[in-house]
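User: Could you walk me through this protein model, one step at a time?

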Amino acid sequence: MSDIVGPYMQAQEDERCNANPLTSISALTGALGIILDDHLKWACEIGLAARTTCSGKLKWQSNTVVDLLAFSRGDCSRCIVYKSRPPSRELYPNNNNNNNNNNGPDHHYPNQDTSSSSSSSYLLHRAVPTGQVITHCTTPGIIALTFDDGPYIYTSQLLDTLASYSPPIRATFFVNGANWVSGIDDESTPYPSILRRMLSEGHQIASHTWSHLDLTTATTAQRVEQVTKLEDVLQRVVGVKPRYIRPPYATCENGCLEDLEGMGLHVVNFDVDTKDYENDSQAGIQVSVDKFNNELGSNPQTDSAIVLSHDVHRWTVERLVGEMVATLRARGFGTGTVGECLGDPQSGWYA
């Protein structure tokens with residue numbers, strides 16, 4: 001079997017990011033010199049229209065096959081994989097994971113034992129879409145706790161709380177660069193260390209724009225600046241650029257979705273809003289506790305949720321989080337990041 005990376009580079013050069021993209025699995029595998037066995041079939045998520053960046057990707061069009069660079073890595077975060085048995089490691093020459101028993105990368109097999117060379121289960125791993133607002137998890141039984149607007153003076157306490165559970169709780173932080181604080185890359189403040197701690201403890205860092213600008217009323221140039229300015233700071237501080245974003249005020253209209261899709265971003269809102277920003281007092285936070293308890297599902301076999309709250313409010317950190325965890329665990333739910341609740345491997349969370 002030929003090496004994958006070389007043919008990918010040649011294909012990328014030949015296509016030059018604006019010619020007709022490869023449009024069938026047979027064309028893709030032929031270009032890469034790969035012979036797939038009959039039990040493994042690849043297909044692309046439909047509707048990834050109009051993406052024209054040259055940074056490692058061919059032009060996306062409806063029905064276009066998977067990003068060749070991702071394919072060469074065995075990264076399935078942007079495609080659908082159908083399988084009746086695990087593929088050979090031979091298909092993934094650059095995969096250095098030694099714990100998957102000669103199968104493909106672990107993230108092809110979420111919540112599945114891959115120690116056997118065959119499997120009777122049928123796995124469908126869907127891409128996380130762009131160009132639409134995501135409000136629901138796709139993995140039952142997971143509650144994704146999300147925290148907007150930080151980091152702030154209460155974030156360290158929140159991280160302590162999340163780490164105190166057994167097992168520890170992984171959450172998603174939709175961060176700003178300059179909202180409640182500025183200078184999140186200023187090493188004389190605690191915020192760079194807080195961001196690094198988030199990453200080291202398994203939390204997902206996502207974008208909430210640089211300064212919490214309303215992206216619906218912003219121009220395209222302003223949207224790009226709000227995204228890239230935060231990306232540049234996060235790259236400098238923690239070494240990652242988020243692929244996930246929550247638009248401020250949960251609104252993304254008037255060309256916003258198209259602009260964010262053009263930047264390759266997954267737009268995520270929520271289906272449970274605790275309204276903690278309206279109830280930040282010792283007595284008032286009970287309203288948010290009751291709202292969460294009433295809106296959370298009761299069946300972990302079918303239910304899940306993306307929950308909105310904020311790490312910039314004292315009573316969210318001091319009381320609401322503990323109440324939410326107690327309720328969701330009493331009902332049999334697990335917790336995870338937004339990426340996890342959408343079935344996205346960690347390699348898909350960051351650019």
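User: Which residues point one way from strand β6, and are they buried or exposed?
Analyst: First, a friendly note: this is a predicted model, where local features need pLDDT of at least 70, side-chain atom pairs count only at pLDDT 80 or more, and totals for chains, interfaces and linings use all residues. Residues are numbered from 1 along each chain as its sequence is written, and side-chain values use heavy atoms, leaving out hydrogens and water. Strand β6 covers residues 172-175, a strand being a DSSP run of E with at least two residues and a helix one of H or I with at least four, numbered from the N terminus. Phe-173 and Val-175 point the other way from Thr-172 and Phe-174, and all are buried (under 20% relative accessible area, with exposed over 50% and partly exposed in between, using a 1.4 Å probe and protein chains only).

User: Which residue in β6 stands opposite Thr-146?
Analyst: Strand β5 (residues 142-148) runs parallel to β6, and three bridges join them; pairing takes at least two DSSP bridges. Opposite Thr-146 is Thr-172.

User: How do the axes of α8 and α9 lie relative to each other?
Analyst: The axes of α8 (residues 285-295) and α9 (residues 314-330) come within 10 Å and cross at roughly 25°. Axes are lines fitted to C-alpha atoms, for helices over the stretch in contact, with angles from 0 to 180 degrees between N-to-C directions. Angles under 35 degrees count as roughly parallel, over 145 as roughly antiparallel, 65 to 115 as roughly perpendicular and the rest as oblique. So α8 and α9 are roughly parallel.

User: How much of the protein chain is buried?
Analyst: The protein chain has 10 helices and 12 strands. Of its 351 residues, the buried share is 51%.
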